[in-house]
Amino acid sequence: LHGYETLFWLEVETGHQSREQIRAKIRRRFREAAVYVHKQKVRLVFCVLAPHWVREAVSTTFSNIAADTAVVIGDWKSFGDLRWQVSVRWD
């Protein structure tokens with residue numbers, strides 16, 4: 001992506017758990033992805049596709065996003081439309 005090797009990490013969340021369980025799972029997976037890309041020296045695009053209430057719940061879990069990371073949260077029913085972005089930093 002833009003000349004950089006990039007890991008695209010996709011999470012599809014159905015919403016069959018509590019808000020806190022979903023937040024914890026997404027937080028853990030984001031941390032795992034961040035550690036991996038740091039070790040590999042690549043960039044990260046972390047995407048969560050989910051129903052509306054899940055998107056709202058997980059949007060607060062992303063903080064201290066590295067300069068080589070993009071987070072995209074989108075509606076899992078809107079194929080090809082990832083407009084609901086939390087943060088994109090390409091320094």
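Hi everyone, let's start with a pairing: strands β1 (residues 6–12) and β2 run parallel and share seven bridges. Strands here are DSSP E runs of at least two residues, helices are H or I runs of at least four, both numbered from the N terminus, and two strands pair if DSSP finds at least two bridges between them. Before I go on, this is a predicted model, where local features need pLDDT of at least 70, side-chain atom pairs count only at pLDDT 80 or more, and totals for chains, interfaces and linings use all residues. Residues are numbered from 1 along each chain as its sequence is written, and side-chain values use heavy atoms, leaving out hydrogens and water.

Back to β2: its C47 is the bridge partner of L10. On the other pairing, β2 and strand β3 (residues 69–75) are parallel and joined by seven bridges, with A50 opposite D75 of β3.

How are these strands connected? β1, helix α1 (residues 19–40) and β2 form a right-handed β-α-β unit, meaning that, with the strands pointing away from the viewer, the path from the first strand over the helix to the second runs clockwise. β2, helix α2 (residues 52–59) and β3 make a right-handed unit too.

Now, burial. Eight of the eight residues of β2 (residues 43–50) are buried, so the strand is largely enclosed by the rest of the structure; buried means under 20% relative accessible area, exposed over 50%, partly exposed in between, with a 1.4 Å probe and protein chains only. R43, V45, C47 and L49 point one way, L44, F46, V48 and A50 the other. In a regular strand, side chains alternate between the two faces of the sheet.

Last stop, T69 in β3: its relative accessibility is 3%, so T69 counts as buried. Thanks, everyone!
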